[in-house]
Amino acid sequence: MDLDTVALAVRRLVEDGLAGRELTVVWHAGEPLVLPREYYEQAFDVIRDAAGDACSVSHSIQTNATLIDDRWCEFLQRSDVRLGISLDGPAAIHDLHRRTRSGKGTHAAVMRGVEALQRHGVRFHVIAVATADALAEADAICRFYVEHGMREVGFNFDEAEGVHAHSSLSGNEPSHRAFIDRMLELSIGLGDRFRVRELAYAYRLIADGLPSYVWQHDDFPDNAQTIPFAIVSVAWNGDFSTFSPELLGQPCAAFDNFILGNVGRGSYLSCTSGDVFRRLWADVQAGVAACRRSCVYFAHCGGGAPANKFYENASVASAETLYCRAMIQRPFDAVLARLETDLKLRPAALHERGAA
């Protein structure tokens, strides 16, 4: 993305009043670090100038870490970037699916980047993709992260999206449930040494619930993927979309490949008068309504992910998906069951303590 487009993308947010008090810019898709550090130094300055006093800006980068060296570490630390590393666990698991174009596994290169980050004291979290190959390896995966000092891990799965039309979790959901249950047991035993994002999120949902918002005199659980412009996705050429980031540019004649406009031709909010936005927004609302009618997890989710509904069910207006079951329902059920078990055991433990 050229710097003029970067500046315009942020300026449009400010002009439309969409920036809020805090704006997080997420550099994602492809491998962001193939661009030189100098590009980000300039882009960060451009974004700060374009945002002005309207909001506080922070940056996040999701990287495979293969290009990270000492100079990258110095830049990341100096710029206070929130960093996510894509790393699926030990080499035997990671290299099954993360390879170079020549077919060579990338694990060794990733670990060189991780070691550089740790040497410089740069904080990062890990995002792993749990494929069917990994589901029986919860102990080995957890042990790997702990042994290498990686405390915060999120477990995505190989979602059916775009050209990847089939998830390996299809037909393997009982094994995924066992994987989640085991990760919960391991994380409880390890305490602060190992934190699983989905399980920590489930604890928060049970304790606090989702915040809500009012629209058309009705309350809805907060879900950024179902609220227009809570997330704004901008492509390299200035094309933009909203709702799920994974929608932008994906082939779909009915919604013009989910491209709602271009920052070079108009504001974000100007797209709301267009036919594509109106139909997409109507389908997103229909999907939220379908979830509300049919799903007992609705108050803890707020209507699912439109992208996964589109890819899995061929309709944004649909309800439950494999994504819902894997990322929301199973972690929630695992944590809730554990809490219920602990509560049942606690009176007995207190009685024994009193008798002693």
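**Exercise 1.** What volume does the second largest pocket have?

*Solution.* Keep in mind that you are working with a predicted model.
- Step 1: The volume of the second largest pocket comes to about 510 Å³.
- Step 2: Look at what surrounds this space. There are 21 lining residues, and Val122, Arg123, Phe124, His125 and Glu152 lie nearest the centre of the pocket.
- Step 3: Now turn to the elements. At least two lining residues each come from helix 3 (70-78), strand 3 (82-86) and strand 4 (125-130).
- Step 4: Sort the lining by class, and you get 8 nonpolar, 6 polar and 7 charged residues.

**Exercise 2.** Find the largest cavity and describe its lining.

*Solution.*
- Step 1: The space in the largest cavity is about 80 Å³.
- Step 2: Its lining includes Cys291, Cys295, Cys301 and Cys324, along with Tyr297 and Phe298.
- Step 3: Which helix gives the largest share of this lining? That is helix 11 (residues 322-355), with 3 residues.
- Step 4: By class, the lining of the largest cavity holds 8 nonpolar residues, 3 polar and 1 charged.

**Exercise 3.** Is Asn237 buried, partly exposed or exposed?

*Solution.*
- Step 1: Locate Asn237 in the loop that runs between strand 9 (232-234) and strand 10 (239-242).
- Step 2: Buried needs under 20% relative accessible area and exposed needs over 50%. Asn237 has 31% relative accessibility, so this residue counts as partly exposed.
- Step 3: Check its partners. Beyond neighbours within four places in sequence, Asn237 is in contact with Thr5 and Asn262.
- Step 4: Finally, follow the side chain of Asn237, which reaches the backbone nitrogen of Asp239 at 3.1 Å.

How values were computed
Residues numbered from 1 in each chain as written. Predicted model: local features only at pLDDT ≥ 70, side-chain atom pairs only at ≥ 80, totals over all residues. Heavy atoms only, no water. 1 Å grid on protein atoms, 1.4 Å probe; cavity = no way out; pocket = protein on both sides within 12 Å on 5 of 7 lines; lining within 4 Å. Points joined across faces, edges and corners; volume = space filled by probe spheres on them. Helix = DSSP H or I, 4+ residues; strand = E, 2+ residues; numbered from the N terminus. Nonpolar A, V, L, I, M, F, W, Y, C, P; charged D, E, K, R; others polar. Buried < 20%, exposed > 50% of the residue type's maximum accessible area, 1.4 Å probe, protein only. Contact = heavy atoms within 4.5 Å. Polar contact = N/O pair within 3.5 Å; in protein donor to acceptor, adjacent residues only side chain to side chain.
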